[in-house]
Amino acid sequence: MKKKRLPALLCAMALLCMTLCACSEKKTAPTHEVLTVVTECENSAGLEKEFNKVYPEVRLRFVTREEGADGFSEEGDIYALAALPEAAWQKNCLVDLSGYDFSARYAPSRLSECSTGGSVYLLPGGYTVLGIYYNKTLFEEYGFAVPDSFAELEELLPDIRAAGVEVSTTVLESFESAFQYLFDLGDTMFLRTPEGLDFTEKFFDGIVGADDAWESTIEYMQRWIDLGVINGDFRGKSAEEALSHFTEGNTAFLITGEPFRFTQTEDGGGDRYGLLPWLSPDGTNNRYITETTGYFAMSSELEAPDNRQKLEDALKFMEFISTAKGQQLLSGGDPGVLSPLSDPEILWDENYGEIVKQLKAGFGAPSAVGEWETIADPVGAECVEWYTGAATGRELIDVMNRALKESLEGRTGLTDMPRLHREIPEEQQGEREGSELCMSKYSPLWQWVSERDGDGFSLTFEEVEALSGCPLDHSFLTCKKELAAYGWQVGKISMKEQKVSFEKL
């Protein structure tokens, strides 16, 4: 932002007049119009307080998505989004931030995730890192070599078993986690290659199926299953039970879809843990998986001529969150959320220093869960069967193809983007976008749920079947997004308790 400079005043009388006028203007100057920040975060008081210490003239109003009856239904000036929107929506509804100085403060690897056609419409928040946890203390005690490739992992496992150490604990509480393990491993094989990215686009356009492209990844995952590194020992058990087992201290590896701590106890005591990337066969394509906590964008409505002051204020907000202080506030001080900035003065936690170096060297990839969300649940459910020996990789590919077919038929529901007054041109809308209410065999259940009072409740699997009038099968995982059109969403599906939770949007 440019600072206004007052010209030098040579006349004392003129100076006095200017001073009196300035005082008068200060008393009568209109306050800045309020900036509306639409966010999913319920507690933004700390961020607002610190921001106003730097920019006291800017007035912010934080609106959580719960305040709108239909997701992000309220118009906003700044949006904090949980996922990357469609490219067409970004281009038509957001301000291009690539030309502003604060954009250059972000690490290229983090900013490239937000890049669309050479433009940057969103700034990334902090990110978490996922991989394979291992018990460092146990490795040191037995003299195990930390593997740098799958080949080295294969050589290590006989020594682990000979020492009486359990190979791995795999968390299987949710279908999403089971799905994620497959795609994390796929990032070491095919998904992040130019051919893999091209396949992903064609797959969701219905041009190609999963058969040929996924063959190598399926075969590779089968090797991990055969070795017992990916296993179904904790199927039907909670994540807490699986994590508790790992922290007992006699398990070499932990496979989990959520960040975990680096010590045996929550107070920092006991065994020390490390984090490995997902290993490629020879180690040349290892991948840490990164998950960005959120993205920040400005509505293009701010570029209207009558919004000049609001635009300047919004840029001040983006400037503030692009500092180390701003990122710290956004993360809530969580050491497991890493800064997206490239500031060389940032001191990384001792557990993440080497990991960040690996990420900068190119051994990282963003999580694929968001890209494949429309088929994540049915594929994840079949992954659970596969990991436990109740299904095969071939059957998984068949489920993937069926889930895609159902998705293309429009049975996966609605997009969840902020609704601005200006419509996206029809020719730029993706074939998968739309807001027509999809009908399925679960429509009687959706209607019944929409008529309930309160913010949430649970039903047993039997109750879901009775209300739907049909069996509860894999199609439920694909069709559940239809419920958003009724103002509700499907929450946790507990295989252990045989229950489905429902939450009001």
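A residue is called buried when its relative accessible area is under 20%, exposed when over 50%, and partly exposed in between (1.4 Å probe, protein chains only). Helices (H or I, at least four residues) and strands (E, at least two) are DSSP runs, numbered from the N terminus. The model is predicted, and local features need pLDDT of at least 70. Residues are numbered from 1 along each chain as its sequence is written.

**Helix 11**
- Helix 11 covers residues 308–321, and 14 residues at 1.5 Å a residue should span 20 Å, which agrees with the 21 Å between its end C-alpha atoms; the expected span is 1.5 Å times one less than the number of residues.
- Of the 14 residues in helix 11, 11 are buried.
- The buried residues of helix 11 include Leu311, Phe317, Met318 and Ile321, and also Lys310 and Asp313.

- Three strands form an open sheet in the order 7-12-14, with mixed pairing; two strands pair if DSSP finds at least two bridges between them.
- Strand 7 (127–130) and strand 14 (364–366) are at the edges, each with a single partner strand, so one side of each has no neighbour in the sheet.
- Strand 7 pairs with strand 12 (residues 288–292) in the antiparallel sense over four bridges.
- Val129 has Thr290 of strand 12 as its bridge partner.

How values were computed:
This is a predicted model: local features need pLDDT of at least 70, side-chain atom pairs count only at pLDDT 80 or more; totals for chains, interfaces and linings use all residues. Side-chain values use heavy atoms; hydrogens and water are left out.
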